Amino acid sequence: MDNLFNKYDKWTKEFMESWKNLDWKRTLETLSKDVEYYENPIDKPCANFEEVESLWNVVADNQKDIEYKYNIVSYNEDTCIINWQMTRVMTKTDTKQEIDGIFQVTVNDDGLCTSFKQWRFTR
């Protein structure tokens with residue numbers, strides 16, 4: 001594996017593992033403070049890091065029993081495409097969800113995500 005692949009793989013592992021562990025503050029540490037963050041790619045990106053934080057600070061309260069896997073599909077110096085699958089239980093309804101998604105990310109030399117878009121399908 002090359003250094004570029006390793007950079008994206010390391011970022012993805014940390015992002016997903018911190019999510020699994022419901023450690024949203026650790027998840028935020030994978031993102032640059034000036035990240036261009038699209039929760040949904042057809043909407044406008046978050047206006048600032050505080051909006052990103054407000055998306056993540058509810059994770060520990062509304063999810064549990066997270067399991068995941070991922071595959072880096074494609075990457076170059078500018079962009080990485082990651083296919084990920086997750087199961088989780090939504091705590092308020094005790095509903096199990098299955099998610100299949102795509103992340104499109106850019107990670108800088110410091111290992112922080114500077115551009116984040118996701119597409120996801122939930123069942």
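Author: Exposure comes first. Buried means under 20% relative accessible area, exposed over 50%, and partly exposed in between (1.4 Å probe, protein chains only). The model is predicted, so local features need pLDDT of at least 70, side-chain atom pairs count only at pLDDT 80 or more, and totals for chains, interfaces and linings use all residues. Residues are numbered from 1 along each chain as its sequence is written, and side-chain values use heavy atoms, with hydrogens and water left out.

Reader: Why is Glu39 called partly exposed?

Author: Its relative accessibility is 26%. That value falls between 20% and 50%, so the label for Glu39 is partly exposed.

Reader: What makes Glu39 and Arg120 a salt bridge?

Author: The term needs a side-chain nitrogen of Lys or Arg within 4 Å of a carboxyl oxygen of Asp or Glu. Here the closest N and O atoms are 3.1 Å apart, so the pair qualifies. Glu39 sits in the loop between strand S1 (31-38) and helix H3 (49-56), Arg120 in strand S5 (residues 113-122), so the bridge ties together parts 81 residues apart in sequence. Helices (H or I, at least four residues) and strands (E, at least two) are DSSP runs, numbered from the N terminus. Arg120 has a relative accessible area of 35%, so Arg120 is partly exposed too.

Reader: How many salt bridges does the whole structure hold?

Author: A search finds 6. One of them joins Glu67 and Lys20, with closest N and O atoms 3.4 Å apart. Glu67 is in strand S2 (residues 63-75) and Lys20 in helix H1 (residues 3-20), 47 residues apart.

Reader: What makes Glu98 and Arg123 a salt bridge?

Author: Their N to O distance is 3.1 Å, so the pair meets the 4 Å limit. Glu98 lies in strand S4 (residues 95-107) and Arg123 in the segment after S5, 25 residues apart.

Reader: Why is Arg123 called exposed, and Glu98 partly exposed?

Author: Arg123 has a relative accessible area of 70%, which is over 50%, so Arg123 is exposed. Glu98 has 38%, so Glu98 falls in between.

Reader: Where is Asp78 found, and why is Asp78 called exposed?

Author: Asp78 is in the loop between S2 and strand S3 (80-90). Its relative accessibility is 54%, over the 50% limit, so Asp78 counts as exposed.
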